[in-house]
Amino acid sequence: MKKFAAILLFLLVPLLAHAGLDENEKLNAGYIIKDIKIPEGSDRADVTVNTVIDSPPKAVWAALVDINGWPRWLPMTMKAAFLSDEAARLITPEVAKDKAKVLEINDLNPPQRVGENQAGHWQRTAYEEYNLPWPIKNEWVVRKYNYDEEPDLFRASWRRIDSTRSENDGYWEVRPWSDGRTYLTYCYRVKPKENVPELVFKTAVSMTVNSMIKALRHESARREKTI
């Protein structure tokens, strides 16, 4: 009963705090606006997150594209690294089902360059491991990333090659906001293999997103000093 009350309080407090504000006012005030939808009869969740970060877009983008640096600052990230170009060519969807094989192939074909920002449009493959909050199980995933840089839009989209989840695709979008700040959109679709009650799952997703955005704000502010 106490656990249920805590979950209910976690969900209600932000709703009460947002009362009377329109979306732009919420964004300017630093709110993280989340929409977590689970279609009726489905175990798939569609998550959309919008927020404003006080750092400029280039600093936010630099943090997001440096996957090799994620374990240093991104909560729950145990491992994250771009695979070498040669390893990416060898890792088919069938091979990707065996994470030990993925890591073995990458060890045999180490990257000659790691995590560089290749301006314009590029693709990379990455291996990631996450220690996720209860009741969501820990996750490993091999993903193909597509990066696109335009004058007023940075976009990183990804598709799952294989993972502990049966679905895991999405994207980040980074745009200019007023006063040199950044408007961030984060969307993803996930289909957990575990059977979790909807309210508990939404709470876990919301807590994870809050923690991630807080860390991204901190890391973007750090990188802002070096760009």
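Colleague: Start with Leu74. Is Leu74 buried or exposed?

Modeller: Leu74 has a relative accessible area of 11%, so it counts as buried. Keep in mind that this is a predicted model, in which local features need pLDDT of at least 70 and side-chain atom pairs count only at pLDDT 80 or more, while totals for chains, interfaces and linings use all residues. Residues are numbered from 1 along each chain as its sequence is written, and side-chain values use heavy atoms, with hydrogens and water left out.

Colleague: Where does Leu74 lie?

Modeller: Elements come from DSSP runs, numbered from the N terminus: helices are H or I with at least four residues, strands are E with at least two. Leu74 lies in the loop between α4 and β3 (77-82). In sequence, 138 residues separate Leu74 from Met212, yet their C-alpha atoms are 6.3 Å apart in space.

Colleague: Which residues line the second largest cavity?

Modeller: Rolling a probe the size of a water molecule over the atoms shows where empty space is left. Here a cavity is a set of points, on a 1 Å grid over the protein atoms alone, where a 1.4 Å probe fits but cannot get out; lining residues have an atom within 4 Å of a point. Leu64, Trp70, Trp73, Leu74, Trp172, Met212 and Leu216 line the second largest cavity.

Colleague: How many cavities of 30 Å³ or more does the structure hold?

Modeller: Two. The largest cavity has about 480 Å³ of space. Its lining takes in 24 residues, and the closest to its centre are Leu132, Glu139, Tyr186, Tyr188 and Thr208. β5 (139-150), β7 (167-176), β8 (182-191) and α8 (198-224) each give two or more residues. With six residues, α8 gives the most to this lining. By class, the lining of the largest cavity has 19 nonpolar, two polar and three charged residues.

Colleague: Now the sheet. What is the order of the strands?

Modeller: Two strands pair if DSSP finds at least two bridges between them. Eight strands form an open sheet, ordered β1-β2-β8-β7-β6-β5-β4-β3, with antiparallel pairing. β1 (33-37) and β3 are the edge strands, each pairing on one side only. From one strand to the next, the twist averages 15°; axes are lines fitted to C-alpha atoms, for helices over the stretch in contact, and angles run from 0 to 180 degrees between N-to-C directions.

Colleague: Why is β5 described as largely enclosed?

Modeller: Count its buried residues. Nine of the twelve in β5 are buried, so the rest of the structure largely encloses this strand. Ten bridges join β5 to β4, and Glu129 has Trp140 in β5 as its bridge partner. Ten bridges also join β5 to β6. There, Arg143 stands opposite Arg160 in β6. The β5 and β6 strands form a hairpin with two residues between them.

Colleague: Which strands does α8 touch?

Modeller: Contact means heavy atoms within 4.5 Å. α8 packs on the sheet and touches β1, β2, β7 and β8, its direction making about 30° with that of β2. Helix α3 (residues 57-65) lies across several strands, including β2 and β3, and runs at about 160° to β7. Eight of the nine residues of α3 are buried, among them Trp61 and Leu64.

Colleague: What is the phi of Met76?

Modeller: Most residues other than glycine have a negative phi. Met76 has a positive phi of about 75° and is not a glycine. Met76 sits in the loop between α4 and β3, and at 24% relative accessibility it counts as partly exposed. Asp179 also has a positive phi, near 60°. Asp179 lies in the loop between β7 and β8 and is exposed, with a relative accessible area of 73%.

Technical notes. 1 Å grid on protein atoms, 1.4 Å probe; cavity = no way out; pocket = protein on both sides within 12 Å on 5 of 7 lines; lining within 4 Å. Points joined across faces, edges and corners; volume = space filled by probe spheres on them. Nonpolar A, V, L, I, M, F, W, Y, C, P; charged D, E, K, R; others polar. Buried < 20%, exposed > 50% of the residue type's maximum accessible area, 1.4 Å probe, protein only.
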